[in-house]
Each structure stands twice: as C-alpha cells, then as structure tokens.
Amino acid sequence: MYQRSCVWLRRDLRVLDNPALFDACQTSEAVVAVYVIPAAQWQEHHKSAIQADLIRRTLQHLQQELAQLNIELVVLQADSFDDQVALLSQCVNTWQIDGLFVSREYEVDEVARDKRLVQTLNDDIAIQWYDERCVIKPNAIVNGSGQPYKVFTPFSKAWLKQLQESGWQCLAKPQMLSGLMSDVDSSCLPLCSLKADDWPYPIDDSSAYAADGKTVLAQLRAFSAERAERYQADRDFPAIDGTSILSPYLAIGSLSAKQCLARLCHDHGAPWELADGARTWLTELIWREFYQHVMVAWPHVCKDKAFKPDYEDIPWANDEQLFQAWCRGETGYPLVDAAMRQLNETGWMHNRLRMIVASFLCKDLLIDWRWGERYFMTKLVDGDFAANNGGWQWAASTGTDAAPYFRIFNPETQSKRFDGQGRFIQQYLPQLQGVDTKLIHQASAGGHYLPAVVDHKERRQMCLALYQQSLNKEAG
DNA sequence: TGCACCTTGTG
DNA sequence: ACAAGGTGC
C-alpha cells in the first residue's frame with residue numbers, strides 16, 4: 001500500500017480503462033495526477049496546434065472527472081523532455097510521493113526520457129509501468145522464426161490468435177478515494193493554465209472534436225451500433241460518412257484501443273467471428289497495432305530512416321515549389337487538392353485520401369516522403385508517430401509490407417473509383433460544382449481548374465527510373 | 001521450396 | 001493477363 005501516489009498522465013488522458021490510474025487508486029491512500037506540457041519538444045516533434053488544443057480541452061474535462069474521484073490534476077509546463085524529467089523528480093520530492101504510476105510511450109525519444117527518469121529517481125521510489133496503447137503489447141507477437149512480423153496479414157492472424165488465447169479486459173472507472181491529497185504544494189512549480197489565452201503552444205481551434213470522455217464514448221457507441229456493419233462497404237468513399245473518426249481520441253489517449261475492441265464485440269460478437277463490416281474496422285485497429293509494434297521492433301524508423309535500408313538513398317527531386325503546391329492543395333489534380341484542403345481546414349483526412357496524396361507526393365512530385373510525413377504531423381489532429389510514419393513509408397515503398405515501388409497510384413483512376421460523382425471534390429473545391437463528372441477527375445478538370453503542376457504519365461516513368469537507379473546502385 | 005498474398009496499374 | 005518485390009508458411 002502506498003501513502004501518496006502520483007499518476008503521470010501522458011497519452012492516457014482518460015478515467016476509464018486506464019491501468020495506471022486504476023492501480024494507483026486501488027493501492028494508495030491518496031493520489032495526485034500530473035500532466036507536463038513539453039512545449040519545445042512538441043515543436044521538435046512537429047505536433048500540430050490543433051492536437052495540442054484538443055489535449056488542452058481534454059485536460060479541462062479530465063480535471064473535473066478526476067476531482068470527482070478526489071484526485072487533483074496538476075498541469076505543469078516544461079520545455080524539453082529533460083525539463084520534464086527534472087519537473088517530475090521535483091514533484092516526487094516536494095509532494096513526498098512514494099509511488100509513481102506511468103503508462104509507457106514507445107517512441108525512441110520518449111523511451112530515452114523515461115530511462116532518464118528511472119535513473120534520476122534512482123531507488124527513491126517505485127515506478128509502476130503499464131502498457132495500454134495497444135491491445136496486445138509490442139514485442140509480444142512473433143513469427144515462426146521468433147522474429148517480429150514485417151508483413152501485415154500474417155501479423156493480424158497471429159494477433160487474433162493471441163487475443164483468443166489470452167483474452168483481454170477493459171478496466172472500470174476507479175473507485176473514489178476517501179480523501180484528497182490536501183497538502184499538494186505547487187507554489188514553486190511552473191503551473192500552466194488550461195485557458196486558451198495562457199496556453200504555451202500555438203492555438204488552433206479543435207472544438208469540432210469532442211474533449212469530454214462521455215461524448216467520445218458516445219461516438220464510439222454510435223459508430224459501433226449504427227455504422228460498423230456498413231464500414232467495409234462505405235469506408236473507401238470520402239464523400240460518405242463511413243469511418244469512425246475516432247483516431248484523434250486514440251492518438252491522445254482519451255479513448256483506448258481496448259475500449260474500441262470491447263464495444264465492437266459487445267455489439268457484433270467475438271473478434272474472430274465478426275461479419276465483414278465490423279471485421280474490416282477491427283482490421284484497421286490491428287493496422288494501428290502493427291505500426292506500433294514495428295516501431296518498437298525497428299526503432300530506426302523513429303530516426304528519420306527508411307525501414308528498408310536499400311531505399312534510404314533515393315535521389316528525390318525535392319522541388320520546393322511543387323511541395324508548396326501540394327501543401328496548399330494547388331496541384332491541379334482535383335481529388336489531391338480537395339484532400340489537402342480537408343486536411344488544412346479540418347485537421348483530419350480520410351484514409352483513402354491519405355494514401356492518394358502520399359503516393360502523389362512521393363511518386364508524382366518525386367519529393368521525399370519525410371517532407372510529407374512532417375507536414376501531416378503539423379496539421380493532423382490525430383497525428384501519431386507510428387501510424388503516420390508507417391503509412392508514409394508504405395506509400396513510398398520504403399516500409400514494412402509496403403506497396404512495391406512500381407505500384408503507383410493513378411490519381412485519376414482513384415478519383416473515378418472512390419469519388420465517382422465528384423461529390424467530395426466539390427465539397428472542398430466549390431469552384432468545380434457544375435463541372436461534368438467526365439472531366440472532374442482529370443488533371444486540371446479538363447480545363448475548368450488550375451493547370452496541373454506535373455503530367456502523371458511522365459512523372460510515373462521518372463519515378464520508376466528514380467527508384468531503379470537508386471536500387472541498382474545499392475545492389476552494385 | 002515454391003507459392004499465396006498484397007489498401008494496384010498498365011496493356 | 002501480367003508485373004520492376006518481399007515476406008511467411
């Protein structure tokens with residue numbers, strides 16, 4: 001039993017199914033929670049202002065929810081990860097903490113920070129670590145040779161098998177503690193207000209996304225009950241509201257993957273016998289796990305490296321003008337531009353469109369996938385390193401289970417297939433309303449739109465040459 | 001080891 | 001149909 005415990009919240013901003021919080025409450029007389037904003041580190045990791053704002057609003061709600069459990073949530077401000085460690089150490093000492101409860105983060109910098117924390121706190125207090133970001137924790141799934149999987153399909157089969165064997169459970173809301181830790185002295189600490197005006201990071205309004213746990217959960221329930229069945233049929237069409245848009249909450253941890261799985265099974269049955277619609281959505285959840293596992297097994301992907309070393313030295317053209325055109329949604333390819341406008345305007349982009357604009361950046365504009373990866377992080381409300389990096393490396397053919405390099409999306413074909421009526425295009429490019437559907441998918445919309453910055457057929461040939469040149473060089 | 005598999009494209 | 005690749009059983 002601990003007298004005075006501290007829960008360090010990071011990407012587990014929820015009261016339900018939070019093992020660190022749950023255990024702290026079960027084993028302690030009194031509990032205090034702390035969140036430390038590392039503003040400079042966020043900049044360095046290209047965290048979007050909109051995601052930071054969603055965190056800010058989520059913390060406001062969490063503060064109230066925790067107060068009902070007799071837990072104070074103290075929000076502090078640091079610059080770097082080193083400052084974060086120093087602050088935590090200061091909290092532990094000044095608050096006379098004897099138990100620290102933390103959920104793991106798996107990125108290289110985060111792991112290094114946590115290692116420093118362990119060294120700093122030394123043997124002063126016990127730290128309890130929890131794995132909650134994945135349903136099945138990283139390193140726990142290996143292939144027949146005892147190695148982590150590099151290919152998704154066998155990974156997902158092994159994942160399901162393991163789930164069936166070991167089972168899983170969601171944790172309930174912790175029981176209210178008998179009293180508040182009343183003497184938490186924060187007077188010497190860099191307290192941070194959760195008001196937008198005082199927030200130590202650029203503000204980008206995130207109010208289109210839910211910040212309170214109840215609403216997030218209601219969204220999960222509504223999706224599972226009303227739309228999961230149609231997910232497989234609807235998910236590829238950006239004009240249809242076919243996806244769950246729960247990714248922002250999974251990214252900041254106001255929702256856990258286990259909660260998603262539990263709700264899906266509650267409505268649709270066991271994971272291994274789901275009907276097509278729900279099964280396809282579960283598959284997307286497993287993709288998320290897959291990329292987390294890949295990042296842990298091959299941490300060099302965290303250091304700006306291609307997963308496949310052979311693909312490290314592709315001589316990208318990296319034309320700044322073309323990159324700007326892509327960022328702004330001014331390439332002249334209607335669906336690509338509409339997609340980029342969705343990202344810029346809402347902080348979110350449909351996954352089909354993420355694949356299309358990523359393929360276009362790498363294989364039509366011949367720009368380094370890392371430029372796109374970075375831009376996505378600065379804009380996405382659901383930015384998550386592993387998922388974003390995995391997706392970009394997939395598109396660039398440099399990653400695990402990637403599309404072969406000669407597989408190059410044809411923007412016009414994709415547009416016809418997944419936005420046949422041009423409804424999505426017209427939503428974000430209203431100037432194309434009224435343009436014939438025979439023309440709307442074409443580069444420059446058959447003359448009704450901006451001139452195309454490149455010619456797909458020509459660039460496709462250049463792309464193949466670029467990759468081949470680079471690969472032959474490696475082989476020789 | 002050979003073969004299926006892969007968020008697809010071109011001829 | 002076939003394909004400029006790579007993985008896993």
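In the lining of the second largest pocket, how many residues are nonpolar, how many polar and how many charged?

Reply: The model is predicted, so local features need pLDDT of at least 70, side-chain atom pairs need 80 or more, totals for chains, interfaces and linings use all residues, and side-chain values use heavy atoms, without hydrogens or water. Residues count from 1 along each chain as written, while chains are lettered from A and ligands numbered from 1 in written order.

The lining of the second largest pocket has 14 nonpolar, 7 polar and 15 charged residues. (Asp, Glu, Lys and Arg are charged; Gly counts as polar.) A pocket is an open set of points on a 1 Å grid where a 1.4 Å probe fits, with protein on both sides within 12 Å along at least five of seven lines; lining residues have an atom within 4 Å of a point.

The second largest pocket holds about 720 Å³ of space. Its lining counts 36 residues. His45, Glu107, Glu110, Met377 and Phe385 lie nearest the centre of this pocket. Six elements each give at least two lining residues: strand β2 (28–38) and helices α2 (39–44), α3 (49–67), α4 (81–94), α5 (108–121) and α15 (369–379).

Now set the largest pocket beside it. The space there is about 1,100 Å³. Its lining has 40 residues, with Glu284, Trp287, Asn351, Arg354 and Ala387 closest to the centre. Helices α6 (152–166), α9 (247–252), α11 (276–297), α14 (351–364) and α16 (385–395) each supply at least two lining residues. The lining of the largest pocket splits into 21 nonpolar, 10 polar and 9 charged.

Last, the DNA side. The residues near DNA strand C (a heavy atom within 4 Å) include Asn143, Lys150, Lys308, Tyr405 and Gln468. That surface divides into 6 nonpolar, 3 polar and 3 charged residues. Helix α19 (residues 456–475) gives the largest share, 3 residues.

A backbone N or O atom of Gly144 lies 3.2 Å from a phosphate oxygen of DNA strand C. On the base side, a side-chain N or O atom of Arg460 is 3.4 Å from a base nitrogen of DNA strand C.

Notes: Points joined across faces, edges and corners; volume = space filled by probe spheres on them. Helix = DSSP H or I, 4+ residues; strand = E, 2+ residues; numbered from the N terminus. Polar contact = N/O pair within 3.5 Å; in protein donor to acceptor, adjacent residues only side chain to side chain.
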